[in-house]
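Work through the exercises below with the sequence and the model open. Each task is followed by a solution in steps.

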Amino acid sequence: MQLSHNEENNFSLTKFESMLKTNDVLFFDSEEFEDIIHHYLDNGKIALAKKAVKLGLAQHPTSTNLKLFKVEILVFEDKLDLADGLLNELHDLESSNEEVYIQKANIFSKRDEHHMAIKMLEKALDITMDEADVYSLLGMEYLFLEDFENAKFSFMKCLEADDEDYSALYNIMYCFDFLEQKTEAIEYLNMFLNKNPYCEVAWHQVGKQYFDLKQFDKALTAFDFAIISDDMFIGAYLEKGKVLEKLGRFNEAIENYRITLDLDDPTSFAYLRIGKCFEKLGADELALEHYSKTVHEDPLLDKGWIAITDFYFKKGNFQKALYYINKAINIDEENVLYWKRYAKINSRLSLFEEAERGYQKTIDLGNYELETWIRRCDILINLGEFETAVQNLIQALEFYPETAEIEYRLAGLYFNLNEGDKGYFHLNNGLKIDAEYYIIIEELFPKIFSRKSVKEMINSYLKAS
């Protein structure tokens, strides 16, 4: 009885591993060794692959393919000089072997010599029978160089050679997106679909391009075709749901999100979107039920906690909002979005010290939006922490020089601290930038605003403007 190729491979592997355990030396032909090594490399078992290469070369010292496997392992281990030396020997023996040039390219790429890697791959391209793989490698080298036009061309050639290489298709779309060529991307995908009308990945990508262009009806049609091509394609149902949301068709969006829950393990994203749809439909209990499922499924998904917090905030139930944002912070205290909401909620509850702490934490975590500095300053003013408020605004000026909102506040603060010269200096700055914003002084520092000298200074600017 003749064994199939897979059965032969399994037999060879069993025989090889038995040999390693018993220390017996058994004979394998070079092709058997190649299959064994290939299996171990594919499964990340480098140590076993090395043993197989060593034993293989001991039995077949002239085998070019086994030597190339040795090169591959040396490259993996970053022993680039040894690999290069062995490749030079192989090149002298077999200058027409494409794998020699591919491995040379691999070494150049590891050394960040991507132009030389491309030259090697172009030589491999002249002699290869498998253009798809070489074009794919070329595309990656061009990506390393951020040469997206040539990368795009290489991946297109790869897809021409193998129209089922979807990683090449995704890379083509990555290049189009980076080059902001959405119309060209759609034209290319339509051309590809003319030859491959049931390619669900291509339809999915067309839909995403139309979605980005806000052409939602066309996006919907594309996702429908993706589902017709493969009715188990979860990504298409999710994207279709997003389009239906944009079109205000929330019940239909829910249906599509629910299909994904039936096709595979539930995802927090699907629960979140279903919750959003129910909230839009005014079905508050169902919205909250799905938001709860979202955070249960993935407690680290900030959008889930934010959805629950914002739900209660919009309803004016600030205590409940605070409860949930505190739970979120206990899970991830480095999340800026959580602290911004923590500050906002505490501010609405008139818990100003906690609100200030929230804004300070937001800034500490690298959120330097003008609104964050301003809100913290206003709370510090409310707390009578004038000197801290000044320091806060001086930091803000580094990011937002010549900003009226900052200058007027600094003016009022310095007047309160009895530093009149600095007060007039910043008031003058604020008036020069935008005289109409003097209302900040009137609202935040009414006693300062009532001073005759301050009013005269403001009025002189208002008359001049």
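The model is predicted: local features need pLDDT of at least 70, side-chain atom pairs count only at pLDDT 80 or more, and totals for chains, interfaces and linings use all residues. Residues are numbered from 1 along each chain as its sequence is written, and side-chain values use heavy atoms, with hydrogens and water left out.

**Exercise 1. Cysteines**

Find how many disulfides the whole structure has, and state whether Cys-175 is buried or exposed.

Step 1. A disulfide is a pair of cysteine sulfur atoms within 2.5 Å. The search of the whole structure returns zero.

Step 2. Buried means under 20% relative accessible area, exposed over 50%, and partly exposed in between, with a 1.4 Å probe and protein chains only. Cys-175 has 0% relative accessibility, so this residue is buried. Cys-377 is also at 0% and therefore buried.

**Exercise 2. Aromatic pairs**

Classify the pair Tyr-368 and Trp-373, then the pair Phe-415 and Tyr-424.

Step 1. Rings of Phe, Tyr and Trp (its six-membered ring) pair if their centres lie within 6.5 Å; planes under 30 degrees apart count as stacked, over 60 as edge-to-face and the rest as tilted. The structure holds 15 aromatic pairs.

Step 2. Tyr-368 and Trp-373 are stacked, because their centres are 6.0 Å apart and their planes meet at 20°. Tyr-368 is partly exposed at 35%, whereas Trp-373 is buried at 1%.

Step 3. Phe-415 and Tyr-424 are edge-to-face, with 4.9 Å centre to centre and 80° between the planes. Phe-415 is buried at 2%, and Tyr-424 is partly exposed at 30%.

Step 4. Ring pairs also join Phe-311, Tyr-312, Tyr-323 and Tyr-324 in a cluster.

**Exercise 3. A charge over a ring**

Which ring lies under the charged end of Lys-242?

Step 1. The criterion is NZ of Lys or CZ of Arg within 6 Å of the ring centre and within 35 degrees of the ring normal.

Step 2. The ring is that of Phe-211, and the charged end of Lys-242 is 5.5 Å from its centre.

**Exercise 4. Helix 8**

Describe the span of helix 8 and what covers its buried residues.

Step 1. Helices (H or I, at least four residues) are DSSP runs, numbered from the N terminus. Helix 8 takes in residues 131-144, 14 residues in total.

Step 2. The expected span is 1.5 Å times one less than the number of residues. Helix 8 reaches 20 Å from its first C-alpha to its last, close to the 20 Å expected.

Step 3. The buried residues of helix 8 include Val-134, Tyr-135, Leu-138 and Tyr-142. An α-helix has 3.6 residues a turn, so residues three or four places apart point the same way.

Step 4. Among the elements covering the buried residues are helix 6 (98-110) and helix 10 (166-178); contact means heavy atoms within 4.5 Å.

Conventions
Helix = DSSP H or I, 4+ residues; strand = E, 2+ residues; numbered from the N terminus.
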